[in-house]
Amino acid sequence: MKKLLSMLLCLLAVSAMFPVSAFAAGETINVYNWGQYISDGSDGSIDVNAEFTKRTGIKVNYMTYDSNESMYTKLKTGGSTYDVIIPSDYMVARLISEGMLEKLDMENIPNYKYVDEAYKNQAYDPSNEYSVPYTWGTVGVIYNSKYVDVSDTGSWSLLWNKKYAGKILMFDNPRDAFAVAEEYLGIDVNTVNADDLRAVSYKLIEQKPLVQSYVMDQIYDKMEREEAWIAPYYAGDYLQMAAENPDLKFYLPKEGFNLFIDAMCIPKGCQNKKAAEEYINFLCDPEISGQNLDYLGYSTPISDAKQYMDPDTASSEVACPSKETLSGGSSFINLPSETSQQMDALWLQVKTQGGVDDYALWCMGAIFIAMAAYLTVRGVRRKRRIANRCKKWKPQAS
Amino acid sequence: MRTFNKVFTILVLVFLYIPMIVLAVASFNNGTDPAVWQGFTLTNYGELFRDGVLLPLLANSFIVAVISSLLATALGTMAALGIHAMGPRMKRTVMGVTNIPLTNPEIVTGVSLALLFAFVGTLLKVSNVLGFVTLLIAHITFNLPYVILSVTPKLSQMDPDLREAALDLGCTPAQAFFKVVIHEIMPGIVSGALMSFTMSLDDFVISYFVYGPNFVTLPVEIYNYTKKPLQPKIYALFTLLFLAILLVMVLMNLLEAKDDRQQSVARRAFGGLRKERAEE
């Protein structure tokens, strides 16, 4: 018994030490980033956070999130502070408008000069006061050249082409799905016009019979295994798919496409702004940025970084499109809450219009009827059994 | 009818375990695509054990699970003793209250704990309250009911005369507890501890709301792996985790079976004794 008790005490002591040791090592910063969105040393790549600690002595507490929205919730709930966060464009705009970001001191981020002009002065942060671009990318169409006619490509209309019915995949989130149809129809991707949005949803409903399924990450398996032939997705992810299946090709539609930028910011309440700016500066170092993004497969906003990347990636028109190509892109800004609510409601309509959901209803109905039948049969049988027993009893009783 | 029963049982078992089997098979697959078998390999496991990111996270999960289940066991046993000493009405009420967290949606528990911690943080003027300690507190909180639930029945099964006999023979109450009572209820304590260990090891929902930047557990981190397709070494990791939990559960069942046997032996012996006495 004493042994058990002493073991427990030991463990308590260990547990008491643990948080202390986390704080003991001098300066630390808390970095909050997308999961798997930094080079972590696997497959012989550079371990960015370890390299930063080695160079500056500042320890990095690294935490991850799965979507802009969950990061926003964590910031709002409180209870923890972050020194650097890396949200996407529209979320940066939202955080700025709600006063949740610190202004950056560009004196402490000299490497900002390496960032290309094309990624400065964007709609989400017009005067570059709050954010420094980390990565960027485009949304285009991925298709399998074995099955799809090249003459059909080049436009968003491929996603509405009846020839390929049942082999088309579509985004499973309202913002990206609406943007595809908006660009096809020539409507601004940041429109707040209710009639426009309704027209877009009709276009999506029109597309629905041709769509095999609405997916996000499953797109990898489906495209690589050729279960589907056509899908809109992010360029960075296309490069990884193409490594598995070289028949997959990619183009940016002529009508226009979405250009997204993920940017580094410092949220209000940060504990160590100086170190946070040092970290942002470190990530803008062309050598670091090049090696980091070579691993991630997304595009770098720093031209000088390309010399540190794999030459094939650096010269590819998909990973690093030219300025002329990029001029067709437009980035998201934050939508007012009524618009995003309307979009969510319309998206629900698109998704529930006929199709798969009917099966679920039929299944539910069938199960319900089966259960009801089973219960009645059992009830009837039991009654009969009781009646039988009563019959047997009667002669005995008399 | 019997064959039907057998077939049905097998079907249910298959339905329950097929996902795990698929995962385990995928972990030995020599390729990234789980749907295409490309030959048997152990490289995924090799890669897993060379991984510098996943293993520390797994260690974190184990640290939280061990410490929280031990603390919850100690606290829960004390609570069970207190509940056992209450009157029947009070007992029912308190048991009802402790059981609510079991059925409460985890997300509600998680959010309310996160809000509580944030509130305490602002009271204490600590801006970085979320971390290892809050994670531990949260895990102890949801482990407690399991321990109480498995210890209380053992206490009521126990012969109350045993403790009184110990007191009569000169034990202090504390000695009576450590020399007599604890041996009687040990199976309950152990199964409570194992149960809370497994609950804590794989908890995601509650941890997701209360973890801080200093300390992250494995399930939370894996959930955020959305930017790239899952690597096969993660399948290997999950397979090992599943095996670990399976091992704990088997251990728990073996212990329970042994305890049942002992009890029935004891009951028979005791019953015989009583009969003899009655005959005298």
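Student: How many residues of chain A are in contact with chain B?

Tutor: Two residues are in contact if their C-beta atoms, placed from the backbone, lie within 7 Å. Here 32 residues of chain A are in contact with 33 residues of chain B. On the chain A side, α1 (2-24), β1, β2 (59-65) and α7 (219-224) each give two or more residues, and α1(A) gives the most, with six. Helices (H or I, at least four residues) and strands (E, at least two) are DSSP runs, numbered from the N terminus. This is a predicted model: local features need pLDDT of at least 70, side-chain atom pairs count only at pLDDT 80 or more, and totals for chains, interfaces and linings use all residues. Residues are numbered from 1 along each chain as its sequence is written, while chains are lettered from A and ligands numbered from 1 in the order in which they are written.

Student: In what order do the strands of the open sheet run in chain A?

Tutor: Strands pair if DSSP finds at least two bridges between them. In chain A the order is β2-β1-β3, with parallel pairing. β2 and β3 of chain A are the edge strands, each pairing on one side only.

Student: Why does the length of helix α9 of chain A agree with its residue count?

Tutor: The expected span is 1.5 Å times one less than the number of residues. Helix α9 (residues 273-284) of chain A has twelve residues, so it should span 16 Å, and its end C-alpha atoms are 17 Å apart, which agrees.
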